[in-house]
Amino acid sequence: MAHGILNLTSATCDETVNSASKPVLIDFWADWCGPCKMIAPILEELAQEQPGLQIAKVDVDNNPDLAMKFNVMSIPTLLLIKDGEITKRLVGAKGKGALMADLQEYLGSH
């Protein structure tokens with residue numbers, strides 16, 4: 001796991017999301033998912049470049065209850081959670097530019 005990226009489990013998810021002082025972008029992924037592997041390096045870059053955003057990952061194979069809780073039907077799904085509320089849901093792999101555009105209002109550079 002890259003520096004700055006949290007690996008969430010059923011045991012740690014609620015506490016991490018509810019106690020975060022900055023928006024949390026959760027990547028729901030699986031080892032067998034090709035598009036998930038395509039966006040992983042982009043998320044690693046964001047973790048380094050965006051100190052105002054916490055990146056986290058949930059392996060849906062190991063945490064199916066979290067996928068159900070957050071209504072994740074396909075992967076990759078990215079959920080942006082701010083103040084304990086889902087503020088953005090992005091489904092499918094995107095390039096870095098498109099992802100940055102989708103998240104721009106939450107990245108602190110207004």
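**Exercise 1.** Determine what share of the contacts in the chain with a separation of 6 or more joins residues 24 or more positions apart.

*Solution.* A contact requires heavy atoms within 4.5 Å. Among the contacts with a separation of 6 or more, residues 24 or more positions apart account for 69%. The model is a predicted one, in which local features need pLDDT of at least 70, side-chain atom pairs count only at pLDDT 80 or more, and totals for chains, interfaces and linings use all residues. Residues are numbered from 1 along each chain as its sequence is written, and side-chain values use heavy atoms, with hydrogens and water left out.

**Exercise 2.** State how the radius of gyration of the chain relates to that of a compact globule.

*Solution.* The radius is taken over C-alpha atoms, and the globule rule is 2.2 Å times the number of residues to the power 0.38. For 110 residues this gives a value near 13 Å; the chain has 13 Å, so the two agree. The C-alpha trace spans about 35 × 30 × 25 Å along its principal axes.

**Exercise 3.** Describe the aromatic pair found in the whole structure.

*Solution.* Rings of Phe, Tyr and Trp (its six-membered ring) pair if their centres lie within 6.5 Å; planes under 30 degrees apart count as stacked, over 60 as edge-to-face and the rest as tilted. The search finds one pair. The ring centres of F28 and F70 lie 5.7 Å apart with planes at 55°, so the pair is tilted. F28 belongs to strand β2 (residues 24-29), whereas F70 lies in the loop between α3 (64-69) and β4 (77-82), 42 residues apart. Helices (H or I, at least four residues) and strands (E, at least two) are DSSP runs, numbered from the N terminus.
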